[in-house]
Amino acid sequence: MHRTSGMSGPNVWSSGPDRVTRVSYHRKPGFLERAGNTVCGAVFGIVLIAAACPIMFFNEGRAVQTARSLDEGLEACVNLRRGDPPFESNNQKLVHFTGELATRTPVIDSKFGVSIHAAHLERRVEMLQWVEHTQTREYEDQGGVRRETTYSYSREWRSDLVQSNSFEESLRHRNPTMMAVSSSTSDNSLVRVGDFSLSHGLLGKLVTEHTIEPSLVKGLRLDSKQQIWDNYVVQALNPRDFQVGDVRIRWVYKGCSQNSAGEQNDQCSPLSVSVIAQQRGSTTGPYQTRAGDVLELLYEGILTAEAMFEEEQSSNTALTWVLRGLGFFMVFIGLNLITSIVTNITSYIPLLGSLINFGIMLLNFSLALTISLLVIALGWLRYRPMLAMTLLAIGMLPYLLPYVMPESAKPRRSRAAHEDDDSAHDE
């Protein structure tokens, strides 16, 4: 069911072929009913916190393992010069090399006769379909809840089939149940950089996409219902006025390559890449580090091994903080769900209830931060014990300093202060 929902603005009362509003009334939930809902929410909050703690704890171990694996890889990596062959002495070692992609045969979409020397070719098919959007507004009305739901419909190009039989107004907004043309992907079986053939894992790291202009394709095969329109091949009665069920097609490719057979590639410029992987004869594969991670890297462009490992370290750091933030957010939401039992009661107190609920939210924020830091600290004790103990000692130093300082270094109290203490003792 393809619907988008959210809180609407002003009431929409218009009703037409592409918009309709439904109004329903609900009894306002009583105290016991709300209490029951908050109990269920509290249970889910406990589950959420229980799930967040392992995420934060093991995230620290993942971060340490990845960092150590990258350091190990940088130390073990053998840098090859451009054009170097696969030396036997480097077999099973981690190697770094750069160069342009090369293929002997093009990758082909045989149905339409589209071909290009590249690592990957994809035919993307979209069909114009009805999509339903919902907007809901609720407000109190005579002791109950009045709900207004507006269903609106728009025609959109979608690559997936939208099931219109679940629409509120399905009779006037029907979508076809299948596409006239299906999407497809094709991968080149052999892609090389110099004398090295690249693994599927490396080719899967190509990210930059380029679109093929159908008008430039030699030997493009179209049937009588298809034509070129605005860099697409369209199947429509009138491209100036598309209707539901019309189809448009385009082709995208990744990893443009030179023709290793010697023919010139006049469709695109060969892509230069930088690779770090294990040498296995003249092929490549993933490299297993002693630290635990597998290394198999490909970057578009010419980069040194140091730059590639530095980029991976930055990505590892960013992922670590994202997971820490996710864990904190899960704990915070969980605590809010648990304390909803209290906020449900205080919400009945005018004015003061809002202040109490705000204070509870601040308390939950502080407690979530404390729990997150504690779990992360435990993770550090497990995976970075020396660093954790050092930071803990530095943090405890101001509290321990008065007990470890020699008597001569402690500040001396004045005689008057001592006399005051003695007199108070005598009294």
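This is a predicted model: local features need pLDDT of at least 70, side-chain atom pairs count only at pLDDT 80 or more; totals for chains, interfaces and linings use all residues.
Is Cys256 buried or exposed? Cys256 counts as buried, because its relative accessibility is 4%; buried here means under 20% relative accessible area, exposed over 50% and partly exposed in between, with a 1.4 Å probe and protein chains only.

A word on the model comes next. Residues are numbered from 1 along each chain as its sequence is written, and side-chain values use heavy atoms, with hydrogens and water left out.

The protein has an average pLDDT of 85, and 82% of the residues score at least 70. Confidence is highest in strand S20 (residues 297-300), at a mean of 98, and lowest in helix H7 (residues 415-426), at 52. Helices (H or I, at least four residues) and strands (E, at least two) are DSSP runs, numbered from the N terminus.

Back to the cysteines. One disulfide (a pair of cysteine sulfur atoms within 2.5 Å) turns up in a search of the whole structure. It joins Cys256 and Cys268, with the sulfur atoms 1.7 Å apart. Cys256 sits in strand S14 (residues 247-256) and Cys268 in the loop between strands S15 (258-259) and S16 (272-280), so the pair ties together parts twelve residues apart in sequence. The link of Cys256 and Cys268 is right-handed, with 85° about the S-S bond. Cys268 counts as buried too, because its relative accessibility is 12%. Elsewhere, Cys77 is buried at 11%, whereas Cys40 is exposed at 55%.

Definitions and conventions:
pLDDT is the predictor's confidence in each residue, from 0 to 100.
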